[in-house]
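This report describes one structure, topic by topic, for a reader who has the sequence and the model at hand. Please keep both in view while reading.

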Amino acid sequence: MERREVAAVLTYVGRLDPRLVRTDEGEARSQLGTWHELLSDVPTTTSQGWDVRETARKRIVTSPYPILPADVAREWQAHRRERLARHTDPTPRADPDNPQAWRAELLAARDAVASGHAAPSAHRELTAGRHRPSLKDQLAAVGSYIPAAVRAELAPYRPARAAREAVIAAGGPDVLAVPCEWCHADQGEPCRRRRINLDGSAQGNAPRATAHPGRVDRALAAQAQAPAA
Ligand SMILES: [Zn+2]
């Protein structure tokens with residue numbers, strides 16, 4: 001509050017409680033100085049339910065003692081704390097790879113809530129799945145590229161493709177370049193192990209680390225026909 005706003009508040013509380021009125025000019029100036037000192041960072045009103053006059057009026061109604069500026073300042077601090085406690089940081093719109101901008105946006109949002117310029121944002125905003133267009137662009141830029149080092153680390157978990165890559169690296173045929181006539185695996189798909197039930201129906205369809213022999217033969221034949229790379 002500005003000094004003149006504090007003076008207006010003092011006039012208001014003096015009307016409600018005449019004990020606060022100072023008739024001596026020096027005393028009045030000193031009283032205004034004290035109130036301004038303690039309430040300079042307290043707003044008169046906010047759009048979010050804070051009103052200094054209302055706070056002072058309630059205090060005067062409920063307490064037998066003359067109101068002190070510290071009473072009002074404490075009420076404001078409690079109001080601020082209560083709002084921040086209800087606030088959940090929404091996901092900033094800033095680029096997450098720019099931590100300064102990200103942090104600045106979070107702090108600005110908290111400041112706006114604490115100072116009563118914005119309503120606290122509820123938890124559901126975190127899970128509302130707000131679309132961030134830049135993320136899509138980033139994913140598109142990254143694509144499905146797997147760095148060679150990561151591919152090598154993943155190899156043990158992808159036995160069929162790892163075996164194929166090892167064979168090709170050794171100059172052997174690319175078994176996945178041809179379909180398998182035995183298990184009907186398509187081109188590019190690993191051979192599959194089929195378990196046959198007693199009634200003859202197929203059950204289970206686990207990929208095999210190695211290709212069926214017939215497929216290897218076909219791949220060798222295809223490699224022999226193709227021009228040497
Ligand atoms: Zn097969």
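## Aromatic pair

The count of aromatic pairs comes to one. Its members are Trp 50 and Trp 76, arranged edge-to-face, with 5.0 Å from centre to centre and 65° between the planes. Because Trp 50 lies in the loop between α2 and α3 while Trp 76 belongs to helix α4, the pair ties together parts that are 26 residues apart in sequence.

Are these two residues buried or exposed? Trp 50 has a relative accessible area of 4% and is therefore buried, since buried means under 20%. For Trp 76 the relative accessible area is 4%, so Trp 76 is buried as well.

## Nonpolar cores

In soluble globular proteins, nonpolar side chains tend to be buried together. In this predicted model, the largest nonpolar core contains 19 residues. Those with the most contacts inside this core are Val 13, Trp 35, Leu 39, Val 52, Ile 67 and Val 72. Two or more residues come from each of the elements α1 (3-16), α2 (25-39), α3 (52-62) and α4 (69-86). Helix α1 gives the most, with five residues.

Which residues does Trp 35 touch, leaving aside its neighbours within four places in sequence? Trp 35 is in contact with Val 6, Val 9, Leu 10, Val 13, Ile 67, Leu 68, Pro 69 and Val 72. There is also a second, separate core of nine residues, including Leu 176, Val 178, Cys 183 and Ala 219.

## Zinc site

The zinc ion has as its protein donors Cys 180 (SG), Cys 183 (SG), Cys 191 (SG) and His 212 (ND1), which lie 1.9 to 2.3 Å from the ion. The arrangement of the four donor atoms is tetrahedral because the angles they subtend around the zinc ion are 105 to 118°. For comparison, the ideal angle for four tetrahedral donors is 109.5 degrees.

Along the sequence, the donor residues follow the spacing C-x2-C-x7-C-x20-H. Cys 180 and Cys 191 both lie in the loop between α9 (159-169) and β1 (192-196), eleven residues apart. Both Cys 180 and Cys 191 are buried.

## Confidence of the prediction

The mean pLDDT of the chain is 82, and 80% of its residues reach 70 or more. Where is confidence lowest, and where is it highest? Confidence is lowest in helix α6 (residues 124-127), with a mean of 50, and highest in α2, at 96.

Conventions:
Residues numbered from 1 in each chain as written. Heavy atoms only, no water. Core = buried A, V, L, I, M, F, W, Y, C linked by side-chain atoms within 4.5 Å. Buried < 20%, exposed > 50% of the residue type's maximum accessible area, 1.4 Å probe, protein only. Helix = DSSP H or I, 4+ residues; strand = E, 2+ residues; numbered from the N terminus. Contact = heavy atoms within 4.5 Å. Donors = N, O, S within 2.8 Å, 3.2 Å for Na, K, Ca; no water. Tetrahedral: all angles 85-135°; square planar, octahedral: opposite > 155°, others 65-115°. pLDDT = per-residue confidence, 0-100. Phe/Tyr/Trp six-rings, centres within 6.5 Å; stacked < 30°, edge-to-face > 60°.
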